[in-house]
Amino acid sequence: MPEFILIAERLVWWPVTVSVPLDGGGVEQQDFEARFALIGDNAYQALVKAHGALQVDKPLLRRVLRDWRGVKDSSHEDLPVGDGTRDALIDITCVRLALTKAYLEAERGGPAKN
């Protein structure tokens, strides 16, 4: 059985599925991978306290989103990772919602069971 090793900062690649709005009211599922730093419950609760539960998603993602794969710019080139591109991604509501969902799944070790 593998041992559990407590490390200061756990980084994980996690799948992200974005429901991209289409003309006529439909959506298209588009996927990429995000690399998150898992910050744990105490740090998450501190963000909630500082920003409020309904406004925590942007500050959370600014803190935990470290990298991505499979995100392209309008020229179909890989979108470089940086503060400006990260902020541009999380400013898009459907992307922000997908990233937040993916991060919370990664933090708890898998998708929520219904």
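I began with Asp 87, which counts as partly exposed because its relative accessibility is 29%. A reminder to myself: I am reading a predicted model.

Next I looked up the partner of Asp 87. Its side chain meets that of Arg 86 in a salt bridge, at 3.5 Å from N to O. Arg 86 counts as buried, since its relative accessibility is 12% and the cut-off for buried is under 20%.

Asp 57 sits in helix H2 and Arg 96 in helix H4, so the pair ties together parts 39 residues apart in sequence. I noted both as buried, Asp 57 at 17% relative accessibility and Arg 96 at 12%.

Entry on Glu 33: I found a salt bridge to Arg 69, with 2.9 Å between the closest N and O atoms. Glu 33 belongs to strand E2 and Arg 69 to strand E3, and the two are 36 residues apart. Glu 33 is partly exposed at 30% relative accessibility, and Arg 69 is partly exposed at 40%.

Last, I turned to the largest pocket, whose volume is about 340 Å³. Of its 15 lining residues, Gln 30, Val 71, Lys 72, Leu 89 and Val 95 are the closest to the centre. I sorted the lining by class and got 10 nonpolar, three polar and two charged residues. Strands E1 and E2 and helices H3 and H4 each supply at least two residues of that lining.

Key: Residues numbered from 1 in each chain as written. Predicted model: local features only at pLDDT ≥ 70, side-chain atom pairs only at ≥ 80, totals over all residues. Heavy atoms only, no water. 1 Å grid on protein atoms, 1.4 Å probe; cavity = no way out; pocket = protein on both sides within 12 Å on 5 of 7 lines; lining within 4 Å. Points joined across faces, edges and corners; volume = space filled by probe spheres on them. Helix = DSSP H or I, 4+ residues; strand = E, 2+ residues; numbered from the N terminus. Nonpolar A, V, L, I, M, F, W, Y, C, P; charged D, E, K, R; others polar. Salt bridge = Lys/Arg side-chain N within 4 Å of Asp/Glu carboxyl O. Buried < 20%, exposed > 50% of the residue type's maximum accessible area, 1.4 Å probe, protein only.
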